[in-house]
Each structure stands twice: as C-alpha cells, then as structure tokens.
Amino acid sequence: MLIRSAMPSDLEAVQRIYATEVLEATGSFELIPPDLAEMERRYLAVLDAGLPYLVAVIEGDVAGFAYAHPYKDRPGYRMTAETTIYLSRNYRRRGVGSALLQHVMKAAEEAGIRQLIAVIGDSANHGSIGVHAKAGFRHVGTLEDVGHKFDRFLDVVLMQRRLGEEAAIG
C-alpha cells in the first residue's frame with residue numbers, strides 16, 4: 001500500500017468511492033453524490049487551506065482517501081481541523097483506514113493543526129469509530145437523531161484528538 005498526496009487524476013476514483021457511500025451508507029448525510037466538478041472544488045479548497053488530501057493506492061487502485069479540512073470558518077478555529085476518510089468497499093478491514101488516518105494526522109500536525117475532530121455519521125458506524133479510537137481519538141459526544149437518511153434518524157458521533165505538544169499534555 002502506498003499513501004500519497006492526491007492528484008487531480010485520482011479524483012474520478014475518489015468521486016466513485018464517495019458516491020457509493022452517499023447512495024448506500026450512512027457515513028455521509030449527503031443524499032445525492034457530488035459530481036466530479038464538485039469533488040474537484042472540495043479537493044482544491046483543502047489544498048488552498050494548506051491541509052492534506054491523501055489517497056491510499058493498492059496495486060494501482062485508489063483504495064481510499066482521507067483529508068483534513070477546516071473545522072469552522074472563524075479565525076479562532078484556525079488550529080482545528082476535521083477529518084474525512086472513505087474507503088472502497090473492496091479494501092475494508094485491511095488497515096487502509098488506519099494508515100490513511102495516521103498520515104493525515106502527521107500531515108495536519110505539520111500544517112500547524114493542534115486539534116482534530118471526527119464527525120462520524122451514524123453511531124452504528126463501528127468501523128470509523130474504531131479506526132479513530134485506535135488512533136487516539138476520544139469520544140466527546142453524540143448528537144442524537146440529527147441526520148435523516150434512508151427513512152430513519154441518525155446520530156452523529158464526535159471524537160477529538162490533540163496533536164503536537166498539546167497531545168503530550170493529555
């Protein structure tokens with residue numbers, strides 16, 4: 001497995017992975033998959049913010065993607081970012097999510113981020129919750145029934161991890 005910075009040529013695969021999640025799962029609360037142009041806009045916004053946008057490549061296939069993006073627009077949040085990770089269904093339970101998250105954490109820290117927030121759609125999303133917990137994120141709250149998809153209400157799980165010197169403080 002190779003973890004590297006995403007390139008524009010990866011975005012078709014990224015869009016396909018994300019579209020599957022939007023249409024078939026509850027990790028994203030979007031209902032209509034963004035088209036390639038929108039995925040490119042989001043990719044450029046991450047890069048413009050100086051934050052990492054990574055892909056995992058296995059045998060030439062984009063197995064998943066992850067990035068950090070600004071948590072909120074206000075300047076007081078400038079050292080806090082939110083994580084996003086999605087994997088191709090073909091590459092789950094193979095350590096791809098953990099590897100991507102470790103690389104995103106390192107790159108975010110190098111970019112000056114001191115707090116990472118995971119906003120995980122669906123409290124039954126045990127895979128994402130587990131990957132974040134394994135990486136040292138701690139559960140800081142659950143927003144109950146704030147999402148609605150597939151004719152049911154869904155929770156959002158909030159997890160947080162300190163980076164840099166702040167991580168050693170605990």
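**Notes on the predicted model: sheet, core and selected loop residues**

1. Asp122 sits in the loop that runs between E5 and helix H4 (126-134), and in this predicted model its phi is near 80 degrees, a positive value in a residue other than glycine. Most residues other than glycine have a negative phi, and most peptide bonds are trans. Asp122 counts as buried because its relative accessible area is 7%, which falls under the 20% limit.

2. Asp122 is also one of the residues in contact with Thr26, once the neighbours of Thr26 within four places in sequence are left aside; the others are Gly121, Phe150, Arg152 and Leu154. Thr26 itself belongs to the loop between H1 and H2, and it is buried, with a relative accessible area of 9%. Although 128 residues separate Thr26 from Leu154 in sequence, their C-alpha atoms are 8.0 Å apart in space.

3. The hairpin of E6 and E7 has two residues between the strands, and Phe150 there takes a positive phi near 55 degrees. Asp151, which lies in the loop between E6 and E7, likewise has a positive phi, of about 60 degrees, although it is not a glycine. Is Asp151 buried or exposed? Asp151 is exposed, because its relative accessible area of 76% is over the 50% limit.

4. E3 and E4 pair in the antiparallel sense over seven bridges, and Ala66 has Ile85 of E4 as its bridge partner. E4 and E5, by contrast, run parallel and are joined by four bridges, with Leu116 of E5 as the bridge partner of Ala81. E4 is mostly covered, as seven of its eight residues are buried.

5. Thr80 has its place in strand E4, and it is buried because its relative accessible area is 16%, below the 20% limit. Apart from its neighbours within four places in sequence, Thr80 is in contact with Pro70, Tyr71, Ile113, Gln115 and Ile117.

6. E4, H3 and E5 together make a right-handed β-α-β unit. H3 has 15 residues and reaches 21 Å from its first C-alpha to its last, close to the 21 Å expected at 1.5 Å a residue. Just after H3, Gly112 takes a positive phi of about 95 degrees.

7. How do the helices lie on the sheet? The buried residues of H3 are Val96, Gly97, Ser98, Ala99, Leu100, Leu101, Val104, Met105 and Ala108.

8. The largest nonpolar core contains 44 residues, of which Tyr53, Phe65, Val96, Leu100, Leu116 and Phe137 touch the most other members. Among the elements that give two or more residues to this core are helix H1 (11-24), helix H2 (36-48), strand E4 (80-87) and strand E7 (152-162). The largest share, seven residues, comes from H3.

9. Which residues does Phe65 contact, leaving aside its neighbours within four places in sequence? Phe65 is in contact with Val14, Ile17, Tyr18, Tyr53, Leu54, Val55, Thr84, Ile85, Tyr86 and Leu100. Two of these contacts, Tyr53 and Leu100, are themselves listed with Phe65 among the core residues that touch the most other members.

Terms used
Residues are numbered from 1 along each chain as its sequence is written. This is a predicted model: local features need pLDDT of at least 70, side-chain atom pairs count only at pLDDT 80 or more; totals for chains, interfaces and linings use all residues. Side-chain values use heavy atoms; hydrogens and water are left out. A nonpolar core is a set of buried Ala, Val, Leu, Ile, Met, Phe, Trp, Tyr and Cys residues joined through side-chain atoms within 4.5 Å. Buried means under 20% relative accessible area, exposed over 50%, partly exposed in between (1.4 Å probe, protein chains only). Contact means heavy atoms within 4.5 Å. Two strands pair if DSSP finds at least two bridges between them. A crossover is right-handed if, with the strands pointing away from the viewer, the path from the first strand over the helix to the second runs clockwise. The expected span of a helix is 1.5 Å times one less than its number of residues.
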